[in-house]
Amino acid sequence: MITAEHDEHQKTGTSKRRPDKRSASPERVSAPEAMRSAAEQLGELLGTRPESVSALKPTDEGWEARVEVVEVPRIPETTSIMASYQVELDAQGNLMAYERDNRYTGSQVDR
């Protein structure tokens, strides 16, 4: 079957390519995927296993997450030094930036 596109290619030696849906800008990863990605990649960079992802929100560029990490483990655990990290991910879940926001002991609670 000869299409108009094929016919034009034959006449001019060029072709107009239709946008391939697979090569179009990739869609944003899901929230659960973004949470796992933030924790895994930050843990890899810090050399520790994050405790939790306490916040996640979509941004224009991808995702922004807050990840809680035990920085200085102690016994009892309530005296361990924790840190909260702000993590920026692109739409595909790749870590683009991170920054430690604050440190606190495991026994502290928000008021």
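**Notebook: salt bridges, sheet and core**

I looked up glutamate 64 and found it partly exposed, its relative accessible area being 23%; buried means under 20%, exposed over 50% and partly exposed in between, with a 1.4 Å probe and protein chains only. I note that this is a predicted model, in which local features need pLDDT of at least 70 and side-chain atom pairs count only at pLDDT 80 or more, while totals for chains, interfaces and linings use all residues. Residues are numbered from 1 along each chain as its sequence is written, and side-chain values use heavy atoms, with hydrogens and water left out.

**Salt bridges**

I next asked for the partner of glutamate 64 and found a salt bridge with lysine 57, with 3.8 Å between the closest N and O atoms. The term requires a side-chain nitrogen of Lys or Arg within 4 Å of a carboxyl oxygen of Asp or Glu. Lysine 57 is likewise listed as partly exposed, at 45% relative accessibility. For the structure I recorded four salt bridges.

I then turned to aspartate 101, whose side chain meets that of arginine 66 in a salt bridge of 2.8 Å, N to O. Aspartate 101 belongs to strand β4 and arginine 66 to strand β2, so this pair ties together parts 35 residues apart in sequence. Both are partly exposed: aspartate 101 has a relative accessible area of 37%, and arginine 66 has 28%.

I also checked glutamate 71 and found its side chain in a salt bridge with that of arginine 103, at 2.9 Å, N to O. Because glutamate 71 is in strand β2 and arginine 103 in strand β4, the pair ties together parts 32 residues apart in sequence. Glutamate 71 is partly exposed at 25%, as is arginine 103 at 45%.

**Sheet**

In what order do the four strands of the open sheet stand? I read the order as β1-β2-β3-β4, with antiparallel pairing. Strands (E, at least two residues) and helices (H or I, at least four) are DSSP runs numbered from the N terminus, and two strands pair if DSSP finds at least two bridges between them. At the edges I found β1 (52-58) and β4 (95-105), each pairing on one side only. From one strand to the next the twist averages 20 degrees, on a scale of 0 to 180 degrees between N-to-C directions of axes fitted to C-alpha atoms. Strand β2 (residues 62-72) pairs with strand β3 (residues 81-90) over 10 bridges. Within β3, leucine 89 stands opposite tryptophan 63.

**Core**

I looked up the largest nonpolar core and found 15 residues, with Ala38, Leu42, Val67, Tyr85, Val87 and Leu89 having the most contacts inside it. Such a core joins buried Ala, Val, Leu, Ile, Met, Phe, Trp, Tyr and Cys residues through side-chain atoms within 4.5 Å. At least two of its residues come from each of α2 (31-46), β2 and β3. Leaving aside neighbours within four places in sequence, leucine 42 has contacts (heavy atoms within 4.5 Å) that include Val67, Tyr85 and Leu95.

**Aromatic pair**

I searched the whole structure and found one aromatic pair. Tyrosine 85 and tyrosine 98 have ring centres 6.0 Å apart and planes at 50 degrees, so the pair is tilted. Centres must lie within 6.5 Å; planes under 30 degrees apart count as stacked, over 60 as edge-to-face and the rest as tilted. Tyrosine 85 is buried at 5%, whereas tyrosine 98 is partly exposed at 37%.
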